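Subject: Structure for you to look through

Dear colleague,

After it I go through what was found, beginning with a single residue and ending with the whole chain.

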Amino acid sequence: MIIGNFTYTKAQDTYTGEIATLSGSTRKVAFKPSETKADKAPHYRVIGSSKAGDIEFGAAWKKRTDEGREYLSVKLDDPALATPINCALVTSAQEGLLLVWSRDRSKKTD
C-alpha cells in the first residue's frame with residue numbers, strides 16, 4: 001500500500017514528500033542525513049513539521065535487494081501508534097519515489 005510520495009534532492013541528500021493515511025492525517029516530511037556514523041545508526045532521520053517546530057518520528061537505512069535495487073528501509077514511530085510502522089521508500093518507474101507499507105501477516109488473528 002502506498003502511503004507517501006517523495007522526491008530526492010541530491011545537493012542536500014534529502015528526500016521530501018508527504019505521508020498520508022486513512023485516518024485523515026497528512027504530514028509533510030523530510031528524510032535528512034543522519035550525522036551519527038555508528039555501524040547500526042540510521043542513514044537518515046525522518047523529520048516532520050509541527051506548530052512547535054520540527055519533530056523526529058522515524059529513521060531510514062540504505063538497503064539493496066537481492067536483485068541489486070537500492071531502497072530505504074524506514075521505521076516510523078509515534079506515541080499515537082500501537083507499534084512502530086516498518087515500510088520502504090522505493091523507486092517506481094512510473095511514479096517516482098513511493099513510501100510503501102504492508103501489514104505484517106505473520107501473526108495469527110482471531
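Please begin with Ser34, which counts as buried at 5% relative accessibility, where buried means under 20% relative accessible area, exposed means over 50%, and partly exposed lies in between (1.4 Å probe, protein chains only). Before going further, please note that this is a predicted model, in which local features need pLDDT of at least 70 and side-chain atom pairs count only at pLDDT 80 or more, while totals for chains, interfaces and linings use all residues. Residues are numbered from 1 along each chain as its sequence is written, and side-chain values use heavy atoms, with hydrogens and water left out.

Ser34 is found in the loop between β3 and β4 (44-50); strands (E, at least two residues) and helices (H or I, at least four) are DSSP runs, numbered from the N terminus. The side chain of Ser34 reaches the backbone nitrogen of Thr36 at 3.3 Å, which is a polar contact, that is, a pair of N or O atoms within 3.5 Å; within protein, one must be able to donate a hydrogen and the other to accept it, and residues adjacent in sequence count only if both atoms are side-chain atoms. Leaving aside neighbours within four places in sequence, Ser34 is in contact (heavy atoms within 4.5 Å) with Pro42, His43, Tyr44 and Arg45.

Asp13 lies in the loop between β1 and β2 and, at 24% relative accessibility, counts as partly exposed. Most residues other than glycine have a negative phi. Asp13, although not a glycine, has a positive phi of about 50°.

How many aromatic pairs does a search of the whole structure find? The search finds four, where rings of Phe, Tyr and Trp (its six-membered ring) pair if their centres lie within 6.5 Å, and planes under 30 degrees apart count as stacked, over 60 as edge-to-face and the rest as tilted. The rings of Phe6 and Phe31 have centres 5.0 Å apart and planes at 55°, so this pair is tilted. Because Phe6 lies in strand β1 (residues 2-9) and Phe31 in strand β3 (residues 26-33), the pair ties together parts that are 25 residues apart in sequence. Phe6 is buried, with a relative accessible area of 6%, and Phe31 is buried as well, at 0%. Ring pairs link Phe6, Tyr8, Tyr15, Phe31 and Tyr44 into a cluster.

Turning to the whole protein, the secondary structure comes to zero helices and eight strands. The radius of gyration, taken over C-alpha atoms, is 14 Å, close to the 13 Å that the globule rule (2.2 Å times the number of residues to the power 0.38) gives for 110 residues, so the protein is as compact as a globular protein of that length. Buried residues make up 29% of the 110 residues.
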